[in-house]
Amino acid sequence: MVEIEKLDYHHYLPLFFDGLCDTTHPYDFFARQGIHDMLEHGGMKILPVIPQLIIPIKNALNTRNKQIICTTLKVLQHLVVSADMVGEALVPYYRQILPVLNIFKNVNVNTGDGIDYSQQKRENIGDLIQETLEIFELYGGEDAFINIKYMIPTYESCIYN
């Protein structure tokens, strides 16, 4: 009933991020779609809400459910590129976000000479984590790489190499 630009981002965006933990249809769809719509149209309203998003992001990653982690990583990628300074605003929160990514960083499907369609669907968790870390580094400013490297020692820079 209300245009997206007129919504209270401090109320609704954290609410949608809380929905990332849900795997029941249609609630998971509403959470994802609500997040992407708000990030698409939010502009400068997104940056002040970042501190409220950290706990729902951390909770979603701590479920250790691969489907939820993949969805959360895609949302994090969208969040970082959604507005100016969001990537830099996330850097102080890497200590809450990155430990779970360190656990799953090297989880890739080995099918031998078979075909793995998870790459095409962007559901390969190891690749998604690598993509997300690279986006964090690219948009996180000068301190991003040092903080990522501290939390994930095996990460190699996509800028310096």
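**Close-up views of a predicted model**

View 1. Are the two partners buried or exposed? Aspartate 28 counts as buried because its relative accessibility is 11%, while arginine 32, at 29%, counts as partly exposed. If you wonder why such partners meet, side chains of opposite charge can pair when their charged atoms come close.

**View 2. Lysine 149 and glutamate 156 form another salt bridge.** How far apart are the closest N and O atoms here? They are 4.0 Å apart. Lysine 149 is partly exposed, with 29% relative accessibility. Glutamate 156 is partly exposed too, with a relative accessible area of 49%. The count of salt bridges in the model comes to two.

**View 3. Phenylalanine 29 and phenylalanine 30 form an aromatic pair.** How many aromatic pairs does a search of the whole structure find? The search finds three. In the pair shown here, the ring centres are 6.0 Å apart and the planes meet at 55°, so the pair is tilted. Phenylalanine 29 is partly exposed, with a relative accessible area of 36%. Phenylalanine 30 is also partly exposed, at 49%.

**View 4. Tyrosine 94 and phenylalanine 136 form a stacked aromatic pair.** Their rings lie 5.2 Å apart, centre to centre, with 10° between the planes. Tyrosine 94 belongs to helix α6 (residues 94–104) and phenylalanine 136 to helix α7, so the pair ties together parts that are 42 residues apart in sequence. Tyrosine 94 is buried, with a relative accessible area of 1%. Phenylalanine 136 is buried as well, at 1% relative accessibility.

View 5. Methionine 151 is part of helix α8, residues 144–151. Its relative accessible area is 16%, and because buried means under 20%, methionine 151 counts as buried. Leucine 98 is 53 residues away from methionine 151 in sequence, yet their C-alpha atoms are 6.4 Å apart in space.

**View 6. Threonine 132 is buried in helix α7.** Its relative accessible area is 0%. The side chain of threonine 132 reaches the backbone oxygen of leucine 128 at 2.7 Å. Beyond its neighbours within four places in sequence, threonine 132 is in contact with Leu73, Leu76 and Gln77. Glutamine 77 sits in helix α4 (residues 66–82), and it counts as buried at 8% relative accessibility. Which side chain does the side chain of glutamine 77 meet in a polar contact? Its partner is glutamate 131, at 3.4 Å.

**View 7. A nonpolar patch on the surface includes tyrosine 139.** The patch is formed by Val81, Leu138, Tyr139, Ile159 and Tyr160. Together these residues have about 530 Å² of accessible area. Tyrosine 139 lies in helix α7, which covers residues 125–139. Tyrosine 139 is partly exposed, with a relative accessible area of 43%.

Notes: Residues numbered from 1 in each chain as written. Predicted model: local features only at pLDDT ≥ 70, side-chain atom pairs only at ≥ 80, totals over all residues. Heavy atoms only, no water. Patch = residues over 30% accessible without salt bridge, like charges linked within 9 Å, V, L, I, M, F, W, Y side chains within 5 Å. Areas by Shrake-Rupley, 256 points an atom, 1.4 Å probe, with all protein chains shown as cover. Salt bridge = Lys/Arg side-chain N within 4 Å of Asp/Glu carboxyl O. Helix = DSSP H or I, 4+ residues; strand = E, 2+ residues; numbered from the N terminus. Buried < 20%, exposed > 50% of the residue type's maximum accessible area, 1.4 Å probe, protein only. Polar contact = N/O pair within 3.5 Å; in protein donor to acceptor, adjacent residues only side chain to side chain. Contact = heavy atoms within 4.5 Å. Phe/Tyr/Trp six-rings, centres within 6.5 Å; stacked < 30°, edge-to-face > 60°.
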